[in-house]
Amino acid sequence: MTQAAYYSESYAQARKGFLAAAHACGARIESISAQTETPVDPAPFTDAAHLGDEDALRSLVVVSGTHGPEGLTGSACQRALLDDISDSGLPADTSVLLVHAVNAWGVATGLRCTEEGVDLNRNYAEFDSDNSDKDALKASNPEYDAMHDYLHRLADSMSAQAYLACGPSMLTEQFGEGAVNILFQGQHRHANGAGFGGFAPTAARQRLERALTSALSASRDIAVVDLHTGLGPHAVGMKFSVAETGGEEAQRVKSWYGDDVVLTNDADANLPYRIFGETSSGVARALPNARITGLTLEYGTYEVDGLVRCILAEFLIRHRIEMLEAGMANKLTGKISAFFYPESAAWRQRVIAQARAVFSQAFMGLAGSIQGA
Ligand SMILES: [Zn+2]
């Protein structure tokens, strides 16, 4: 298959292509509905395709669509992997679980959040057990409180057009160069705010947990690759890990994927903030008997101001819809989708090449072939 054929123009087309390719590879498929009380068309499903030996001890998990519109890129990378598996098979004692459109509602509607209005990549936290993250969640990203008030105050005082045009520069003026970090870090206090990680597990998180426990309960060594777009240099796949600096997982991530992996919890990192509840920590919680090696692969699309504008546009759509004239929400959603899913053939080609490199590094890491490096 040509690389261009991995890419779809819509969620419906992506889902159809993914399911057909997974069937052709002999995958065991579990489709979990993500339909809501207000029906979405096409009907959203999270589809999990499990390939290889059911009882394999090693597994690669590849997740697409954590933030809705980036899902079509993740889907294309999953299609490339299916194509490679169909050509060359899988390494010994290794299975692959492809979770297609984990935030299926977001992929189908073109919004980054889940049906509950939650940033899924902040939602895999511990909310109500004895080991609760609650205090840490409450205390994290305290600067967002002031930004939250400011975001709503600005919305009270200007048009949606002005809000989106001036928003990025006004945030920097008000909160300094770190404004973007405050906006991106996520928070667990303001449900009507940006980057809200939820007060409880979302339906999308539960869909991922169900897919993991039904396919991988035998697995003991799991590589997780969560595919994102939007942050970083154009067409460059930035590698992020939330593993603790100096810990075993951090060492493993670097030896498998290279020294260019950014440890987001490292004080010296470019993104010097602690993230709570991202995907690989969710996998670790769902499968406590397995050793997890988690990677976020994040492909840059356009400038960071554009990303801020997308987040502000989604903020208006979700929380200040009364500000938007008829048809404007749809127009903004189209712009958000375009930001996270570039049409350029060169961009798309580079994305697939880097995904393939990461998948083969994951297989090699799982096989232990570069152990001790
Ligand atoms: Zn993302």
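Into which domains is the chain divided? I looked this up before anything else. I found domain 1 (3-130 + 196-301 + 341-367) and domain 2 (142-185 + 306-335). Their bounds come from an automatic or database domain assignment.

A note on the source: this is a predicted model, where local features need pLDDT of at least 70, side-chain atom pairs count only at pLDDT 80 or more, and totals for chains, interfaces and linings use all residues. Residues are numbered from 1 along each chain as its sequence is written, and side-chain values use heavy atoms, with hydrogens and water left out.

**Domains**

I checked the spacing of the two domains. The C-alpha centres of domain 1 and domain 2 are 27 Å apart. Their contact takes 17 residues from domain 1 and nine residues from domain 2. Contact here means heavy atoms within 4.5 Å.

**Cores**

Next I looked for nonpolar cores. Such a core is a set of buried Ala, Val, Leu, Ile, Met, Phe, Trp, Tyr and Cys residues joined through side-chain atoms within 4.5 Å. Buried means under 20% relative accessible area, exposed over 50%, and partly exposed in between (1.4 Å probe, protein chains only).

The largest nonpolar core has 87 residues. Leu60, Leu151 and Tyr257 have the most contacts inside it. Domain 1 and domain 2 both give residues to this core, so it lies between them. Another core, of 21 residues, lies apart from it and includes Val102 and Ile292.

I then followed Tyr257. Not counting residues up to four places away in sequence, Tyr257 touches Ala223, Val225, Lys239, Leu295, Val358, Gln361 and Ala362.

His67 lies in the loop between strand S3 (58-63) and helix H2 (71-88), and His228 in strand S5 (residues 221-234), so the pair ties together parts that are 161 residues apart in sequence. Helices (H or I, at least four residues) and strands (E, at least two) are DSSP runs, numbered from the N terminus. His67 counts as buried at 6% relative accessibility, and His228 at 1%.

**Arg205**

I found Arg205 in helix H8 (residues 203-216). Arg205 is buried, with a relative accessible area of 6%. A polar atom of its side chain lies 2.8 Å from the backbone oxygen of Asn123. The side chain of Arg205 also reaches the backbone oxygen of Ala125 at 2.6 Å.

I noted a cis peptide bond between Asp41 and Pro42, with omega about 0°. Pro42 lies in the loop between strand S1 (28-33) and strand S2 (45-51).

Ala101 is not a glycine, yet has a positive phi of about 60°. Its place is the loop between strand S4 (94-100) and helix H3 (104-109). Ala101 counts as buried, at 2% relative accessibility.

Ala235 has a positive phi of about 70°, although it is not a glycine. I located Ala235 in the loop between S5 and strand S6 (237-241).

**Asn289**

Is Asn289 buried or exposed? Asn289 is exposed, with a relative accessible area of 59%. I found Asn289 in the loop between helix H10 (279-286) and strand S8 (291-300).

Terms used. A polar contact is a pair of N or O atoms within 3.5 Å; within protein, one must be able to donate a hydrogen and the other to accept it, and residues adjacent in sequence count only if both atoms are side-chain atoms.
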